[in-house]
Amino acid sequence: MNLQAPRGTTDLLPEQALAFNTLEQTALSVFGRYGYALIDVPTFEQLDVFVRGIGQSTDVIGKEMFFVYSMHAAEKLAAGEKLKSDERLALRPEATAGVARAVVEHNLVPPGGAPVKFWYAGSMFRHERPQKGRLREFHQIGAECIGAAEPTADAEVIIMLMRFFEAAGIPRQAMRLLVNSMGDAECRPAYREKVREFIRDQSELLCEDCVRRAETNPLRAFDCKNEICQKVLADAPRLSDELCDDCREHYQQVKGYLTAAGLSFEEAPRLVRGLDYYTRTVFEVQVVNGLGSQNAIGGGGRYDGLIEEFGGKPTPGLGFAVGMERIQLALEANGCARTAQLSPQVFIIVVGAEQVPEAFAMALMLRDANISCELDHQARSMKSQFKLADKTGALLCVILGPDELARGEVKLRVMGTGDEQTVASDTLTETIRKILL
Ligand code: AMP
């Protein structure tokens, strides 16, 4: 049997797993400075959480969900019975809906004071056609700021996102920051109608999907990857021309704060983003080179209606998510991926198998003293052990021979220079510490 990881998933081998962990550490540090606390919501939720939060007519819900059935639920389905809503489960395609659900469930909705701010990291699942930078299980880091309606909150979130990318190592000039306003319940419905009319008028030129979208969710047509559609839709009405006074003022102020912070951005009137919950500010960060059509490394926006959707009091909010795989690709494409090797600081080498018990005890002692340490459990020839030490990237080797051990000593070799010294066993930890410093 030839078992493989499912299509569209990847094994995070140690180097990538470490790189992802480093990204999470960067998030902890950058987001912490902005007052964000880590939250961890379930990987699967009731399907209704996503349907309500993300919107029935989106691709994420309409086409890309992974459902989760317990054995009991699967048997009920097979018998033609209906499932209860808490038996209809799905893997999360994104985490905002889960966080919003948690905020309402635990009554964390801020009562008019400071907003609550959370960040998260984890796997998301979408049944998309896999390609470079597009997976079925992928990893996101995201942040949500719930309880702030002011344009400073939008600007702060966008600035934090850009600071995060820079701290992760992506050069500023390698990124484009796109912003737009999607309006609100006041101005968007009329605009949506205009786009619907436009699509109907141009239906002969547009792809089937776009024509279908005119009926379900016309703004989604702007996300169509078909080049002809994109050309045709370039002449569609612009929401920026249709914003109500409040939305226009909000958008102006957000842009003003970004400019004042020295952040360059481009206005992207066609940026609508794929999820239904966005209102007013939306933004996306793309990398200029190397990622082809999957060049968005992160994006987000305001979702002032979302908390209410989950039964909370009307509460404004906004957030973003970034794709960890794509950040990694962006770092590689720009030659700034930091390769981290898990090298031990010390490798213990035995002259013969008789010294294995001492080597074993010494390794434990060094590790307990917070010094990372490795040894060859098979006690092969010294030549093989040195080779192995070299391969692991160890900085120092401790060599245990019968004569030295009899005198209470060991040899210590600095791998880079080959310098060797004899050290009393009971001062070894101290000596190693000094050298490592
Ligand atoms: P979204 O949740 O669709 O707003 O996506 C936020 C970010 O997650 C995107 O900018 C991508 O970097 C990343 N992303 C979304 N979908 C995928 C996917 N299928 N595979 C890898 N990364 C993804």
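**Helices and sheets, one question at a time**

Trainee: At about what angle does helix 2 run to strand 2, and which strands does helix 2 lie across?
Mentor: Happy to start there, with the reminder that this is a predicted model. Helix 2, residues 47-54, lies across strand 2, strand 3 and strand 4. Its direction relative to strand 2 is given by an angle of about 80°.

Trainee: In what order do the 3 strands of the open sheet stand?
Mentor: The pairing in this sheet is antiparallel. Its edges are strand 2 (44-46) and strand 3 (67-68), each of which pairs on one side only. The order of the open sheet is therefore read with those two strands at its ends, since each pairs on one side only: 2-4-3.

Trainee: Which residue of strand 4 is the bridge partner of Phe44?
Mentor: Strand 2 and strand 4 (residues 89-91) run antiparallel and are joined by 3 bridges. For Phe44, the bridge partner in strand 4 is Leu91.

Trainee: Are helix 2 and helix 5 roughly parallel or roughly perpendicular to each other?
Mentor: The axes of helix 2 and helix 5 (residues 96-105) come within 9 Å and cross at roughly 105°. Angles of 65 to 115 degrees fall in a single class, and the two helices are therefore described as roughly perpendicular.

Trainee: Is helix 6 parallel or oblique to helix 10?
Mentor: Helix 6 covers residues 151-168 and helix 10 covers residues 245-260; their axes come within 8 Å and cross at roughly 45°. That angle makes helix 6, relative to helix 10, oblique.

Trainee: Is the crossing of helix 6 and helix 10 left-handed or right-handed, and how many charged residues are in the contact?
Mentor: The crossing is right-handed. Helix 6 makes the contact through Pro151, Thr152, Asp154, Ala155, Ile158 and Ile159, and helix 10 through His250, Gln253, Val254, Tyr257 and Leu258. By class there are 7 nonpolar and 3 polar residues, and the charged count is 1.

Trainee: How many charged residues does the contact of helix 7 with helix 8 have?
Mentor: Helix 7 (residues 188-201) and helix 8 (residues 208-216) pack at about 145° with axes 9 Å apart, and their crossing is left-handed. Arg196, Ile199 and Arg200 of helix 7 meet Cys210, Val211, Ala214, Glu215 and Thr216 of helix 8. The classes are 4 nonpolar and 1 polar, with a charged count of 3.

Trainee: How far apart are the centres of domain 1 and domain 2?
Mentor: The chain is divided into domain 1 (14-183 + 265-333) and domain 2 (346-436). Taken over C-alpha atoms, the separation of the two centres is 48 Å.

Trainee: By how much are neighbouring strands turned against each other in the open sheet of 5 strands?
Mentor: This sheet has the order 13-12-14-15-16 and mixed pairing. Strand 13 (373-375) and strand 16 (420-424) are the edge strands, each pairing on one side only. On average, with direction ignored, neighbouring strands are turned by 30°.

Trainee: Which residue of strand 14 is the bridge partner of Val350?
Mentor: Strand 12 (residues 346-350) pairs with strand 14 (residues 396-400) in the parallel sense, over 5 bridges. In strand 14, the bridge partner of Val350 is Leu400.

Trainee: At about what angle does helix 14 run to strand 12?
Mentor: Two helices are worth looking at here. Helix 13 (residues 356-368) lies across strand 12, strand 13, strand 14 and strand 15 (409-414), at about 165° to strand 13. Helix 14 (residues 382-392) lies across strand 12, strand 14 and strand 15, and its angle to strand 12 is about 175°.

Terms used:
Residues numbered from 1 in each chain as written. Predicted model: local features only at pLDDT ≥ 70, side-chain atom pairs only at ≥ 80, totals over all residues. Heavy atoms only, no water. Axes fitted to C-alpha atoms, helices over the stretch in contact; angles between N-to-C directions. Helix = DSSP H or I, 4+ residues; strand = E, 2+ residues; numbered from the N terminus. Parallel < 35°, antiparallel > 145°, perpendicular 65-115°, else oblique. Left-handed = near helix turned anticlockwise from the far one by under 90°. Contact = heavy atoms within 4.5 Å. Nonpolar A, V, L, I, M, F, W, Y, C, P; charged D, E, K, R; others polar. Domains from an automatic or database assignment.
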